[in-house]
Structures are given as structure tokens and as C-alpha cells.
Amino acid sequence: MTVFPPAARQTFAASYPEVPHVLPHTLDHHPLLEREALAALAESLPPASIEYNAGDQPIGIDGKPAPTGIPIGETIRRIESANSWAVLKNVEQDPAYAALLEALLADLRPGIEAKTGRMLKTQAFIFVTSPGGVTPYHFDPEHNILLQVRGSKVMTQFPAGDPLYAPDEVHETYHTGGGRELKWREELLAGGTAFPLQAGEALFVPVMAPHFVRNGPEPSISLSITWRSEWSFAEADARAFNGLLRQWGMTPARPGRWPASNRAKALGWRVARKLGAGGTAARTGA
């Protein structure tokens, strides 16, 4: 299955891993991404793989909002009127969705591995959103392509690695078990780039690029395909090591972005973790 046309694959290879860009795709009316199929998938997934809440969130929040109380299957089937936002996590747990993820990534694998090496920890997430729903301001630790399948949305992205938009201390606490939500201030908006997405378009999101998403006037279905690289793990581990240094009273320099390797600090964190000095670090380590 070829979903990204040749010109799109060329654009992606030239822009990866640090330049956000929009790509066309042909993943339309796929039976696994129809509403009833997604409701059935959601009802089959373990509770830890489902997150959903009211859709009318502010751009900035403190911590995760509470669920609506409407069952996840009903939420998806009634998404037009449910005023909800839902994400199905790690849908590759289901063999059919695992095959879809692998087919999508196969299109892009040569361009990815030429820049950041072997693809690690490939995952897929599906977002189902009511009209006007908002995904608040946050960052993610993966290389990410968001494919818009139904409806429309606008993702506003901010420069990755810039502490104005995501302070170093937030990165450090995230990589040792904290949250990924970011403090929002209206003056930050001037530094963002809005990427409108229609069905049939996809957006590449660099590792740790802060962003928020506002849904369009119809229900939306989006598929996020993600992967990690040794480079992304090394940056994450370097961030965690900086958190340890900060606990010791130091003011460490932030890790470099690609193509910086961050190997010394990453190794320091991996050693510290093995010695028990790092606490919990479920989100780091290749």
C-alpha cells in the first residue's frame, strides 16, 4: 500500500527530522478508520490505552482533564454531539492496525533511516474529535506524522528546543515521569505557525515541537504514526540527566538538536539510572 506519493516522499526526506511540513496522502475511506470500526476498537482496548475528555478545553491546562463519563464507544458513535476529544493509544496492539502502521511507515523508512538511523518503538494513535474541540498546548517525545482522515483541524506548532515555548525544566521533569502539558501565555502565539489540515493531508511534527490543535466545524478523525530514533532517545536521556544535575545545584546547558548526538549526557543518565540515582524514567531509554 502506497499512501504518500513520490513527490511527498521526496519532500519528507528533504525536511526530516526538524522541519514541519504538510504532505498529501491517499489514506481515505479505509475500513479500519470508519467510525463504527473505531468504536469497536476502543471498546476492545485496555483502559490504559484510552483517553477522552470534554472537547471544549482551553489552550493551556494544568494536568490532564477528567473523562466525560460517557462510555468510549458511545462517545465515538455520537462524536457530532458528544462535545468530546478521544485518543486511542497504541492501536498497533491490534494486528490489523499494526499492519496498517507498518505499511504507512514503509513508504517513508528510507528517508527516515538515512537521517536518524533505525526506526525504534513504532506506534500509532487515533484521534476522534467533536466539532470545535481543542487539544491543549503540549509536546510529544516522538517523531510524528498526523494524517487527517475525516474533517479538518488547525495545528499551531512552535519551534522545538526553544525554552521560550517549552522551558528546560519541563522537559527534564517529563523525562523522569512528569506531565507534558505546557503553560500557555497569549504572547506565545506570535511565535507559532498554523498548519490547516483537510482530509487527505498530513503534517510532520518534529520531536518535542510544542503545539495545540483546534478542530474544524465537522467531526474529525486523525491517525498519528510515530517512531523514535536513537537520536531522539539520546536527547530525552540528556534532558533527564540535566534534571539530575539541576537537583545537584548546577545549571546545565540544554541538549543540542539534530544532528547533535548528546551521547555524553545520555550515557550519564543511563549509568545513573542503572545505579538507581534517577528515580523512575519510564519514558526514556532506547
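Me: How many salt bridges does the structure hold?
Reply: The model is a predicted one. A salt bridge is counted where a side-chain nitrogen of Lys or Arg lies within 4 Å of a carboxyl oxygen of Asp or Glu. By this criterion, the total for the structure is 21 salt bridges.

Me: Which side chain meets that of Arg 257 in a salt bridge?
Reply: The N to O distance of the pair is 2.7 Å. Arg 257 belongs to the loop between H6 and H7, and its partner, 239 residues apart from it, belongs to the loop between helix H1 (6-15) and strand E1 (22-24). The partner of Arg 257 is Glu 18.

Me: Is H6 roughly parallel or roughly perpendicular to H7?
Reply: Helix H6 covers residues 230-247 and helix H7 covers residues 263-274. Their axes lie 7 Å apart and form an angle of about 65°. Angles of 65 to 115 degrees count as roughly perpendicular, and therefore H6 is, relative to H7, roughly perpendicular.

Me: How many charged residues does the contact of H6 with H7 have?
Reply: The H6 side of the contact includes Glu 230 and Asp 237, while the H7 side includes Lys 265, Arg 270 and Arg 273. The contact also has nine nonpolar and two polar residues. The number of charged residues is five.

Me: Which domain does the UniProt annotation assign to residues 83-244?
Reply: This span is 27% helix and 36% strand, and its end C-alpha atoms lie 41 Å apart. According to the unreviewed UniProt entry, the domain is JmjC.

Definitions and conventions. Residues numbered from 1 in each chain as written. Predicted model: local features only at pLDDT ≥ 70, side-chain atom pairs only at ≥ 80, totals over all residues. Heavy atoms only, no water. UniProt positions renumbered as here; feature names shortened; annotations may be inferred. Helix = DSSP H or I, 4+ residues; strand = E, 2+ residues; numbered from the N terminus. Axes fitted to C-alpha atoms, helices over the stretch in contact; angles between N-to-C directions. Parallel < 35°, antiparallel > 145°, perpendicular 65-115°, else oblique. Contact = heavy atoms within 4.5 Å. Nonpolar A, V, L, I, M, F, W, Y, C, P; charged D, E, K, R; others polar.
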